[in-house]
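Subject: Structure handover

Hello,

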Amino acid sequence: MQNRQGNYEKTILIISSLLAIGVAVFLILESQGLEESLTLPQGFSKNDLNAPASQKVKDATETFKKKYSWLSPVRNEKAVPLNKSVMLVMKDGKLFDLLLPEPKLREPMTNLFLTGDLTKNPPEAQLPNIFSPNVGQLDADNDGFSNLEEFNAKTDPRDASSMPPYTDKLFLTKRISHDYILMLKGGSDGTFQIQRLVPTRASVFKPLNEEFGFDKGTLRFKILSADKKTIETKFGPKDAYALKMLDLSTQKEFELVEGKEVNLADYEAEFEFRWKKRQVIPGVKEGGSFQLPGLGKTYYILKLEETKAIISPLGADGKPTKETIEIKQG
(Lines give C-alpha, C1' and ligand atoms only; values in the text may rest on other atoms or scores of the structure.)
Protein backbone atom coordinates (compact mmCIF):
# COMPACT_ATOMS: atom_id res chain seq x y z
CA MET A 1 0.00 0.00 0.00
CA GLN A 2 2.83 2.36 0.87
CA ASN A 3 4.62 1.52 -2.46
CA ARG A 4 1.58 2.44 -4.52
CA GLN A 5 1.22 5.73 -2.69
CA GLY A 6 4.93 6.52 -3.30
CA ASN A 7 4.64 5.86 -7.06
CA TYR A 8 1.55 8.03 -7.28
CA GLU A 9 3.35 10.92 -5.62
CA LYS A 10 6.33 10.58 -7.98
CA THR A 11 4.01 10.71 -10.98
CA ILE A 12 2.31 13.84 -9.72
CA LEU A 13 5.70 15.44 -9.11
CA ILE A 14 6.98 14.65 -12.66
CA ILE A 15 3.80 16.03 -14.28
CA SER A 16 4.03 19.19 -12.21
CA SER A 17 7.69 19.66 -13.23
CA LEU A 18 6.88 19.24 -16.94
CA LEU A 19 4.04 21.76 -16.67
CA ALA A 20 6.35 24.23 -14.96
CA ILE A 21 8.98 23.79 -17.68
CA GLY A 22 6.34 24.25 -20.43
CA VAL A 23 5.03 27.43 -18.85
CA ALA A 24 8.57 28.80 -18.54
CA VAL A 25 9.36 28.06 -22.22
CA PHE A 26 6.11 29.69 -23.34
CA LEU A 27 6.84 32.81 -21.36
CA ILE A 28 10.35 33.04 -22.87
CA LEU A 29 9.10 32.64 -26.43
CA GLU A 30 6.30 35.09 -25.82
CA SER A 31 8.83 37.70 -24.75
CA GLN A 32 10.80 37.14 -28.04
CA GLY A 33 7.80 37.80 -30.32
CA LEU A 34 6.75 34.23 -30.96
CA GLU A 35 3.24 35.33 -31.67
CA GLU A 36 4.32 37.60 -34.50
CA SER A 37 6.65 35.01 -35.99
CA LEU A 38 3.83 32.49 -36.10
CA THR A 39 1.42 34.89 -37.79
CA LEU A 40 0.56 33.72 -41.30
CA PRO A 41 0.94 36.30 -44.13
CA GLN A 42 -2.20 37.72 -45.58
CA GLY A 43 -3.25 35.98 -48.76
CA PHE A 44 -4.07 37.64 -52.04
CA SER A 45 -6.60 36.73 -54.60
CA LYS A 46 -5.29 35.18 -57.78
CA ASN A 47 -7.45 37.60 -59.72
CA ASP A 48 -5.52 40.67 -58.44
CA LEU A 49 -3.07 40.85 -61.44
CA ASN A 50 -1.30 43.87 -62.95
CA ALA A 51 -2.82 45.41 -66.02
CA PRO A 52 -1.39 43.84 -69.24
CA ALA A 53 1.15 45.82 -71.36
CA SER A 54 -1.35 46.34 -74.12
CA GLN A 55 1.04 48.31 -76.37
CA LYS A 56 3.64 45.54 -76.32
CA VAL A 57 0.97 42.98 -77.09
CA LYS A 58 -0.21 45.13 -79.98
CA ASP A 59 3.37 45.55 -81.32
CA ALA A 60 3.99 41.80 -81.12
CA THR A 61 0.74 41.09 -82.93
CA GLU A 62 1.63 43.50 -85.72
CA THR A 63 5.06 41.88 -86.07
CA PHE A 64 3.49 38.46 -86.55
CA LYS A 65 1.21 39.91 -89.24
CA LYS A 66 4.12 41.23 -91.35
CA LYS A 67 5.22 39.33 -94.42
CA TYR A 68 8.94 38.96 -95.09
CA SER A 69 10.49 38.28 -98.48
CA TRP A 70 13.65 36.18 -98.12
CA LEU A 71 16.02 36.67 -101.06
CA SER A 72 18.79 34.20 -101.70
CA PRO A 73 22.29 35.68 -102.24
CA VAL A 74 23.60 35.15 -105.76
CA ARG A 75 26.95 33.48 -106.47
CA ASN A 76 28.22 33.00 -110.02
CA GLU A 77 24.78 34.04 -111.32
CA LYS A 78 23.09 31.30 -109.25
CA ALA A 79 20.97 31.72 -106.14
CA VAL A 80 22.50 30.21 -103.01
CA PRO A 81 20.05 27.88 -101.17
CA LEU A 82 18.71 29.40 -97.96
CA ASN A 83 20.06 26.46 -95.97
CA LYS A 84 23.63 27.47 -96.92
CA SER A 85 25.45 29.96 -94.70
CA VAL A 86 26.93 33.18 -96.10
CA MET A 87 29.64 35.06 -94.20
CA LEU A 88 28.27 38.55 -93.59
CA VAL A 89 29.95 41.19 -91.43
CA MET A 90 28.55 44.52 -90.25
CA LYS A 91 31.20 47.24 -90.06
CA ASP A 92 30.48 50.93 -89.44
CA GLY A 93 26.87 50.36 -90.39
CA LYS A 94 27.82 48.72 -93.70
CA LEU A 95 27.25 45.08 -94.59
CA PHE A 96 30.23 43.15 -96.01
CA ASP A 97 29.81 39.82 -97.80
CA LEU A 98 33.20 38.14 -97.44
CA LEU A 99 32.48 35.72 -100.27
CA LEU A 100 32.45 38.64 -102.70
CA PRO A 101 35.56 40.59 -103.78
CA GLU A 102 33.97 43.99 -103.08
CA PRO A 103 33.66 45.79 -100.79
CA LYS A 104 36.87 44.85 -98.97
CA LEU A 105 36.57 44.39 -95.22
CA ARG A 106 40.21 45.24 -94.45
CA GLU A 107 41.79 47.41 -97.14
CA PRO A 108 44.05 46.79 -98.98
CA MET A 109 43.81 43.05 -98.22
CA THR A 110 41.23 41.18 -100.28
CA ASN A 111 38.36 39.24 -98.72
CA LEU A 112 39.68 36.07 -100.34
CA PHE A 113 43.08 36.63 -98.69
CA LEU A 114 41.34 36.78 -95.29
CA THR A 115 38.84 33.94 -95.67
CA GLY A 116 41.05 31.58 -97.67
CA ASP A 117 40.58 30.09 -101.12
CA LEU A 118 38.29 27.09 -100.77
CA THR A 119 38.84 26.06 -104.40
CA LYS A 120 42.44 25.05 -103.67
CA ASN A 121 43.37 21.49 -102.82
CA PRO A 122 43.49 21.34 -99.87
CA PRO A 123 41.23 24.34 -99.17
CA GLU A 124 42.87 27.29 -97.45
CA ALA A 125 41.91 27.98 -93.84
CA GLN A 126 40.50 31.29 -92.73
CA LEU A 127 43.07 33.61 -91.15
CA PRO A 128 42.69 33.95 -87.37
CA ASN A 129 41.01 37.10 -86.03
CA ILE A 130 39.86 38.42 -89.41
CA PHE A 131 37.24 40.52 -87.63
CA SER A 132 39.91 42.33 -85.63
CA PRO A 133 40.70 45.87 -86.90
CA ASN A 134 44.44 45.13 -86.66
CA VAL A 135 44.39 41.77 -88.45
CA GLY A 136 46.91 43.20 -90.94
CA GLN A 137 49.46 43.69 -88.16
CA LEU A 138 49.04 40.15 -86.83
CA ASP A 139 51.34 37.29 -87.86
CA ALA A 140 49.23 34.21 -88.54
CA ASP A 141 52.13 31.80 -89.21
CA ASN A 142 54.68 33.32 -86.78
CA ASP A 143 57.34 33.76 -89.47
CA GLY A 144 58.20 37.30 -88.40
CA PHE A 145 56.18 39.01 -91.13
CA SER A 146 52.72 40.50 -90.61
CA ASN A 147 49.70 39.44 -92.63
CA LEU A 148 49.75 42.77 -94.46
CA GLU A 149 53.47 42.41 -95.30
CA GLU A 150 52.78 38.95 -96.72
CA PHE A 151 49.83 40.29 -98.72
CA ASN A 152 52.02 43.00 -100.26
CA ALA A 153 54.77 40.48 -101.01
CA LYS A 154 52.26 37.93 -102.39
CA THR A 155 53.46 35.22 -99.99
CA ASP A 156 51.34 32.79 -97.96
CA PRO A 157 50.46 34.03 -94.44
CA ARG A 158 49.40 30.49 -93.52
CA ASP A 159 52.80 28.93 -94.29
CA ALA A 160 55.89 29.86 -92.23
CA SER A 161 58.17 28.71 -95.06
CA SER A 162 56.59 31.21 -97.45
CA MET A 163 57.70 34.70 -96.53
CA PRO A 164 58.96 37.99 -98.02
CA PRO A 165 62.74 38.49 -98.41
CA TYR A 166 64.59 39.20 -95.16
CA THR A 167 65.84 42.48 -96.59
CA ASP A 168 62.27 43.79 -96.31
CA LYS A 169 63.05 44.02 -92.60
CA LEU A 170 66.32 45.95 -93.16
CA PHE A 171 66.29 49.74 -92.80
CA LEU A 172 68.88 52.50 -93.17
CA THR A 173 68.74 54.48 -89.93
CA LYS A 174 71.45 57.01 -90.83
CA ARG A 175 74.37 57.76 -93.12
CA ILE A 176 77.54 58.94 -91.39
CA SER A 177 79.84 61.22 -93.39
CA HIS A 178 83.62 61.37 -92.92
CA ASP A 179 84.47 64.53 -94.87
CA TYR A 180 87.69 64.85 -96.88
CA ILE A 181 87.79 68.28 -98.56
CA LEU A 182 90.39 69.39 -101.13
CA MET A 183 90.94 72.73 -102.91
CA LEU A 184 93.23 73.77 -105.76
CA LYS A 185 94.83 77.05 -104.74
CA GLY A 186 96.69 77.74 -107.98
CA GLY A 187 99.49 76.65 -110.29
CA SER A 188 102.65 77.83 -112.04
CA ASP A 189 105.11 76.28 -114.47
CA GLY A 190 103.42 72.85 -114.31
CA THR A 191 103.36 72.71 -110.52
CA PHE A 192 100.11 73.03 -108.57
CA GLN A 193 99.31 73.86 -104.97
CA ILE A 194 96.65 71.58 -103.52
CA GLN A 195 95.29 72.02 -100.03
CA ARG A 196 93.45 69.62 -97.76
CA LEU A 197 90.97 71.53 -95.60
CA VAL A 198 89.31 68.64 -93.72
CA PRO A 199 89.95 66.52 -91.66
CA THR A 200 93.19 68.41 -90.94
CA ARG A 201 94.76 71.23 -92.91
CA ALA A 202 97.75 70.40 -95.10
CA SER A 203 99.24 71.65 -98.38
CA VAL A 204 101.46 70.22 -101.13
CA PHE A 205 103.01 71.43 -104.43
CA LYS A 206 102.93 68.68 -107.05
CA PRO A 207 103.51 68.28 -110.81
CA LEU A 208 101.61 66.07 -113.23
CA ASN A 209 101.69 62.26 -112.86
CA GLU A 210 103.31 62.19 -109.44
CA GLU A 211 101.58 60.25 -106.71
CA PHE A 212 101.22 62.07 -103.42
CA GLY A 213 99.36 62.26 -100.15
CA PHE A 214 98.93 64.54 -97.18
CA ASP A 215 99.87 62.08 -94.45
CA LYS A 216 103.29 60.53 -93.99
CA GLY A 217 103.68 57.27 -95.85
CA THR A 218 100.33 57.63 -97.66
CA LEU A 219 100.04 58.01 -101.43
CA ARG A 220 96.46 58.65 -102.39
CA PHE A 221 96.28 61.08 -105.33
CA LYS A 222 97.78 61.72 -108.74
CA ILE A 223 97.33 64.65 -111.16
CA LEU A 224 96.52 63.15 -114.56
CA SER A 225 96.20 66.35 -116.61
CA ALA A 226 95.76 70.10 -116.33
CA ASP A 227 93.73 72.58 -118.31
CA LYS A 228 92.34 76.06 -118.04
CA LYS A 229 88.71 77.07 -118.10
CA THR A 230 86.68 80.21 -117.51
CA ILE A 231 84.71 80.20 -114.28
CA GLU A 232 82.26 82.66 -112.79
CA THR A 233 83.20 84.44 -109.57
CA LYS A 234 81.52 87.21 -107.61
CA PHE A 235 83.89 89.59 -109.38
CA GLY A 236 83.04 88.28 -112.85
CA PRO A 237 84.55 85.68 -115.23
CA LYS A 238 88.05 84.38 -114.45
CA ASP A 239 90.52 81.95 -116.04
CA ALA A 240 91.25 79.09 -113.66
CA TYR A 241 93.14 75.81 -113.65
CA ALA A 242 91.15 72.59 -113.81
CA LEU A 243 92.94 69.38 -112.84
CA LYS A 244 91.88 65.87 -113.75
CA MET A 245 92.66 63.87 -110.60
CA LEU A 246 92.80 60.19 -109.71
CA ASP A 247 91.91 58.91 -106.24
CA LEU A 248 94.18 55.89 -105.87
CA SER A 249 92.16 54.51 -102.93
CA THR A 250 89.01 54.12 -105.04
CA GLN A 251 90.45 54.29 -108.57
CA LYS A 252 87.88 57.00 -109.31
CA GLU A 253 88.63 60.16 -111.28
CA PHE A 254 87.40 63.60 -110.25
CA GLU A 255 87.93 67.24 -111.26
CA LEU A 256 89.62 69.84 -109.07
CA VAL A 257 88.87 73.43 -110.16
CA GLU A 258 90.90 76.34 -108.82
CA GLY A 259 89.21 78.02 -105.88
CA LYS A 260 86.42 75.42 -105.49
CA GLU A 261 86.12 72.83 -102.73
CA VAL A 262 85.68 69.15 -103.52
CA ASN A 263 84.49 66.76 -100.82
CA LEU A 264 85.76 63.19 -101.22
CA ALA A 265 83.85 62.08 -98.13
CA ASP A 266 83.78 58.47 -97.01
CA TYR A 267 80.33 57.34 -95.96
CA GLU A 268 79.26 54.58 -93.64
CA ALA A 269 75.80 53.26 -92.94
CA GLU A 270 74.01 52.29 -89.79
CA PHE A 271 71.32 49.71 -90.48
CA GLU A 272 68.62 48.22 -88.27
CA PHE A 273 67.33 44.70 -88.85
CA ARG A 274 63.75 44.42 -87.56
CA TRP A 275 62.94 40.75 -88.02
CA LYS A 276 61.35 39.39 -84.82
CA LYS A 277 63.50 41.85 -82.81
CA ARG A 278 65.46 45.04 -83.46
CA GLN A 279 69.21 44.62 -84.07
CA VAL A 280 71.60 47.42 -85.04
CA ILE A 281 74.24 46.87 -87.75
CA PRO A 282 76.73 49.75 -87.29
CA GLY A 283 79.59 51.21 -89.30
CA VAL A 284 79.32 49.64 -92.77
CA LYS A 285 81.19 51.67 -95.39
CA GLU A 286 80.23 52.08 -99.01
CA GLY A 287 82.07 49.29 -100.79
CA GLY A 288 81.98 47.15 -97.64
CA SER A 289 79.96 44.09 -96.70
CA PHE A 290 77.83 43.04 -93.73
CA GLN A 291 75.72 40.12 -92.52
CA LEU A 292 72.13 39.95 -91.36
CA PRO A 293 72.26 38.95 -87.66
CA GLY A 294 71.49 35.31 -86.98
CA LEU A 295 71.02 34.41 -90.65
CA GLY A 296 74.53 34.42 -92.10
CA LYS A 297 73.40 36.16 -95.29
CA THR A 298 76.05 38.60 -96.55
CA TYR A 299 75.46 41.75 -98.58
CA TYR A 300 77.67 44.33 -100.26
CA ILE A 301 76.96 48.10 -100.29
CA LEU A 302 77.15 49.28 -103.88
CA LYS A 303 76.02 52.84 -103.21
CA LEU A 304 75.21 54.81 -100.08
CA GLU A 305 73.05 57.91 -100.35
CA GLU A 306 71.50 60.23 -97.80
CA THR A 307 68.13 58.44 -97.74
CA LYS A 308 68.81 55.01 -99.18
CA ALA A 309 71.42 52.32 -99.76
CA ILE A 310 71.81 50.06 -102.78
CA ILE A 311 73.05 46.61 -101.76
CA SER A 312 73.69 43.31 -103.47
CA PRO A 313 73.96 39.77 -102.05
CA LEU A 314 77.38 38.15 -102.26
CA GLY A 315 77.62 35.04 -104.40
CA ALA A 316 79.50 31.82 -103.69
CA ASP A 317 82.64 33.45 -105.11
CA GLY A 318 82.44 36.24 -102.52
CA LYS A 319 81.59 38.87 -105.15
CA PRO A 320 78.38 40.90 -105.51
CA THR A 321 75.77 39.32 -107.74
CA LYS A 322 73.81 41.18 -110.42
CA GLU A 323 70.82 41.46 -108.07
CA THR A 324 70.39 44.90 -106.52
CA ILE A 325 68.17 45.76 -103.55
CA GLU A 326 67.18 49.25 -102.43
CA ILE A 327 67.15 49.75 -98.67
CA LYS A 328 65.15 52.81 -97.65
CA GLN A 329 65.64 55.06 -94.69
CA GLY A 330 63.28 54.35 -91.84
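Lys 228 places its charged end over the ring of Tyr 241, at 4.8 Å from the ring centre. A second contact of this kind involves Arg 175, whose charged end lies over the ring of Tyr 267, 3.8 Å from the centre. Please keep in mind that this is a predicted model.

Now the ring-ring contacts. A pair of aromatic rings is described by the distance of the centres and the angle of the planes. With pairing taken as ring centres within 6.5 Å, the count is 11 aromatic pairs. One of them is Phe 212 with Phe 214, an edge-to-face pair with 6.0 Å between centres and 85° between planes. Phe 212 and Phe 214 are both buried. Phe 212 also pairs with Phe 221; here the arrangement is tilted, with 5.9 Å centre to centre and 40° between the planes. Phe 221 is buried, as is Phe 212. Ring pairs connect these residues into a cluster made up of Tyr 180, Phe 212, Phe 214, Phe 221 and Phe 254.

On the sheet: 4 strands make up an open sheet, ordered S8-S7-S6-S13, with antiparallel pairing. Its edges are strand S8 (202-207) and strand S13 (261-263), each of which pairs on one side only. From one strand to the next, the twist averages 30°. Strand S6 (residues 181-188) runs antiparallel to S13 and is joined to it by 3 bridges. Within this pairing, Met 183 stands opposite Glu 261 of S13.

Regards

Definitions and conventions. Residues numbered from 1 in each chain as written. Predicted model: local features only at pLDDT ≥ 70, side-chain atom pairs only at ≥ 80, totals over all residues. Heavy atoms only, no water. Phe/Tyr/Trp six-rings, centres within 6.5 Å; stacked < 30°, edge-to-face > 60°. Buried < 20%, exposed > 50% of the residue type's maximum accessible area, 1.4 Å probe, protein only. Lys NZ or Arg CZ within 6 Å of the ring centre and 35° of its normal. Pairing = 2+ DSSP bridges. Helix = DSSP H or I, 4+ residues; strand = E, 2+ residues; numbered from the N terminus. Axes fitted to C-alpha atoms, helices over the stretch in contact; angles between N-to-C directions.
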